[in-house]
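Q: Could you walk me through how to read a few features of a model like this one?

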There are 2 protein chains.
Amino acid sequence: MSRRTSKTGTVTVPRGTGRGTAGANLLALRSHNTALVLDLLRAAGTEGISRLELAERTGLTPQAVSKITARVREQGLAAEAGRRASTGGKPRTVLRLVPEAGHAVGVRIDRDEVRTVVVDLNGTVVGERSRPLDLGAGAEDVVETVALEVEGLLGDVSGSLGHGFLESLIGVGIALPGPLDHGRGVLHRVTGFPEWDGFPLRDALARRLGLPVVVDKDTNAAALGLSVAGEGGSFAYLHLGTGLGAGLVIGGHVHRGARTGAGEFGHQVIQLDGPVCGCGDRGCIEVLCLTAVERGELGEAARVLGAGAANLVGLLDIELVLLGGRTVAAAPEVFVDGVSAMVAARARREGMPGGAVPVRVAPGGERGVAEGAAQLLLAPMFGRGDG
Amino acid sequence: MSRRTSKTGTVTVPRGTGRGTAGANLLALRSHNTALVLDLLRAAGTEGISRLELAERTGLTPQAVSKITARVREQGLAAEAGRRASTGGKPRTVLRLVPEAGHAVGVRIDRDEVRTVVVDLNGTVVGERSRPLDLGAGAEDVVETVALEVEGLLGDVSGSLGHGFLESLIGVGIALPGPLDHGRGVLHRVTGFPEWDGFPLRDALARRLGLPVVVDKDTNAAALGLSVAGEGGSFAYLHLGTGLGAGLVIGGHVHRGARTGAGEFGHQVIQLDGPVCGCGDRGCIEVLCLTAVERGELGEAARVLGAGAANLVGLLDIELVLLGGRTVAAAPEVFVDGVSAMVAARARREGMPGGAVPVRVAPGGERGVAEGAAQLLLAPMFGRGDG
DNA sequence: CCTACTTTCGCAACGCTGTTGCCGAAGTGC
DNA sequence: GCACTTCGGCAACAGCGTTGCGAAAGTAGG
């Protein structure tokens, strides 16, 4: 019973040298449509979805969907699961993702802690652990600590799941703060720890673990996790914790920009010649917001955050703003109301049809970043990779 | 000699109902690859490009490129044009776009003027005219005026080109300021002229002219024109004239957002509780920048503009900032230097590898918007449409 | 229970895509 | 003049989604 045969998840798209979008061949076509179907299967969750519904949603013919689902079932990624009620004829057969067919590890590296999760294809957490971490201990020590943590968790989960769990492993996703190169998996720097400058984290961990590794900013991972969890097509995730950053999802894809630098929300200047920020500039949202929090003026902090959010909504015309991070979690209503008010005021002034963009607290909480990191590995399989 | 046979340019992609990305069939595959090849042919301009180069750039096999180019040549869209120097074997045959195979009309409607151009597939302007316009004359009068202007220009060009020019016409692109719905071609409102609220400009003009019509914001049209002209993959076009707006190009595609609202740059707040803007908010870039211009403090205007540009660069991690509009044209060095300084300062503080994002004056000048409007019709043919 | 009807879904043939193997065409270099 | 290199078309091919059709599996009515 071969599950997850070779080509699924690793789209073999021909890549042109340098710039210029890539041409598509039949393999790419198949990968694309298969990923689409898998994505809909995942979104359907335990409820499942029928072939004809898949056909309607994708625009493919029912026959094409049948062929695709047959292949996917043969690979063990999906299975039939009951039937719908009849509407006067043969009832539709419900298909469901087989979550155990694939697993990914997600790691969140923070300044003082590392949290590791294992999720299945549905994104359900099947294993979790965490421990303190000292980023200042040096790159090699941290890599070793993280590797041991991952291996420990894999051992635990393997013990409880057994039966080819290790073979179902797709890889490890790492989320951490600070600027980095997502494409090459290299950290630019970690604030306060110059020894990390330019460290090739992805390759170091991949070599040590013998697994594919993907590295991304924590806000991007969180945004990806929220996107997978079903949070619409275009939204911004604003994270307010020790710092202030954003993850942007545009059209179902995480927008990282050419150098993984997108989402630099905290140092958006909204107060020209304002108070000096840690970055050296003046009037950044981060310094205004965080000093207001320190002074206990949460309403003012929310107002400042809301001004930045309104700027962002106007620039990108996104459909939703999600708030997260420890500071928000401490007083969710204050921030949601404050940001909402600013965004709504802008919408009212501009008279956009459809009204103001909704503002909510991001579900998932602190574990969301690690889960999103795991999704970095699952994303290509469901057509959410990069492009 | 049938040029531009049915399916080219009108990609018949199956569309799923509602959300959910669309599945792709063989027709979509062919359209995609054909568009890719046509885009490269266009980019190659009069210099041309060989089949093997096309294969390298697209990642397709040489044989696939041969088939595609054969089809394209049969349709009259491309032709052979000389050969390269030999490198020890048979020299490569150079292919070139046949610009006369397709034409599009571009119209820029401004508060006091309408400017109309006709461009060929290369984007070369083959006809142009303009006349004063009073937006307050009412929607129907303006539609009639624009229609007459288009028909007049088509008559002129048809006289000079003759030979199936009218058959080569693809459609008419309209660029105008103010919020609108690009997808449905409906204006939301035109500042100062309430009678335009909700006017279905696209359908009205399409019915009147009997040609396909596409409507977009002027800044988006300008950005599209710049993108086609070869200005990189991700950039922002900032237009400073009677107002202040932006057009965003991300990954070679104009980013309009869900409601064509993206690029609302002018009402980005960068001075909390600052001076009141016409929009009702306080401290918008537009009011700060334009009042500085009025006071003759161009350096300050450039600094304000630069602060907003730096915010934008940080949020989206774009690769280039282009400046345009009458105010910029009046003192280009001041604005380029001022904005450059702000963007560079931000880049230095963040220590992004690759250095600061370049800032330049957008080429093309005032005619660029109308040319970009024409590109709205050509874009789908070259794979630059929406998605 | 049987028949008629509706609806789902797979089999088989098909058209079309890009791919592969091969060979002629068109140059260079000795 | 010959060997070699490189380009690019012809033909056969595998694989994609599509179409036509029929079996399977229900409901509705007698």
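Q: What should I know before I start?
A: This is a predicted model, where local features need pLDDT of at least 70, side-chain atom pairs count only at pLDDT 80 or more, and totals for chains, interfaces and linings use all residues. Residues are numbered from 1 along each chain as its sequence is written, chains are lettered from A and ligands numbered from 1 in the order in which they are written, and side-chain values use heavy atoms, with hydrogens and water left out.

Q: At what angle do helix α4 and helix α5 of chain A pack?
A: Axes are lines fitted to C-alpha atoms, for helices over the stretch in contact, and angles run from 0 to 180 degrees between N-to-C directions. Helices (H or I, at least four residues) and strands (E, at least two) are DSSP runs, numbered from the N terminus. Here, α4 (residues 139-161) and α5 (residues 201-209) of chain A pack at about 50 degrees, with their axes 10 Å apart. Angles under 35 degrees count as roughly parallel, over 145 as roughly antiparallel, 65 to 115 as roughly perpendicular and the rest as oblique; α4(A) and α5(A) are therefore oblique to each other.

Q: Which residues make that contact?
A: Contact means heavy atoms within 4.5 Å. On α4(A) the residues include Val143(A), Val146(A), Ala147(A) and Val150(A), and on α5(A) they include Leu201(A), Ala204(A), Leu205(A) and Arg208(A). A handy rule is that an α-helix has 3.6 residues a turn, so residues three or four places apart point the same way. For classes, Ala, Val, Leu, Ile, Met, Phe, Trp, Tyr, Cys and Pro count as nonpolar, Asp, Glu, Lys and Arg as charged, and the others, Gly among them, as polar. The contact of α4(A) with α5(A) has 9 nonpolar, no polar and 3 charged residues.

Q: How are α7(A) and α8(A) oriented to each other?
A: The axes of α7 (residues 285-294) and α8 (residues 298-316) of chain A come within 7 Å and cross at roughly 160 degrees. These helices are therefore roughly antiparallel to each other. Among the residues that meet are Leu288(A) and Cys289(A) in α7(A), and Ala301(A) and Leu305(A) in α8(A). By class, the contact of α7(A) with α8(A) divides into 9 nonpolar, 1 polar and 1 charged.

Q: Is Asp273(B) buried, partly exposed or exposed, and what about Asp317(B)?
A: Buried means under 20% relative accessible area, exposed over 50%, and partly exposed in between (1.4 Å probe, protein chains only). Asp273(B) has a positive phi of about 60 degrees although it is not a glycine, and is partly exposed at 48%. Asp317(B), likewise not a glycine, has a positive phi of about 55 degrees, but is buried at 3%. Asp317(B) is found in the loop between α8 (298-316) and β14 (320-324) of chain B.

Q: What does His267(A) touch?
A: Leaving out residues up to four places away in sequence, His267(A) touches Cys277(A), Cys279(A), Cys284(A), Glu286(A), Asn311(B) and Arg346(B). His267(A) is buried, with a relative accessible area of 14%.

Q: How many residues of chain B are in contact with chain A?
A: The count is 67 residues of chain B against 68 of chain A. Buried area is the accessible area (1.4 Å probe) that two parts lose on being put together, summed over both. Between these chains it is about 5500 Å², of which carbon and sulfur atoms give 51%. In chain B, Arg259(B), Leu272(B) and Leu315(B) lose the most area to chain A, together 14% of what that side buries.
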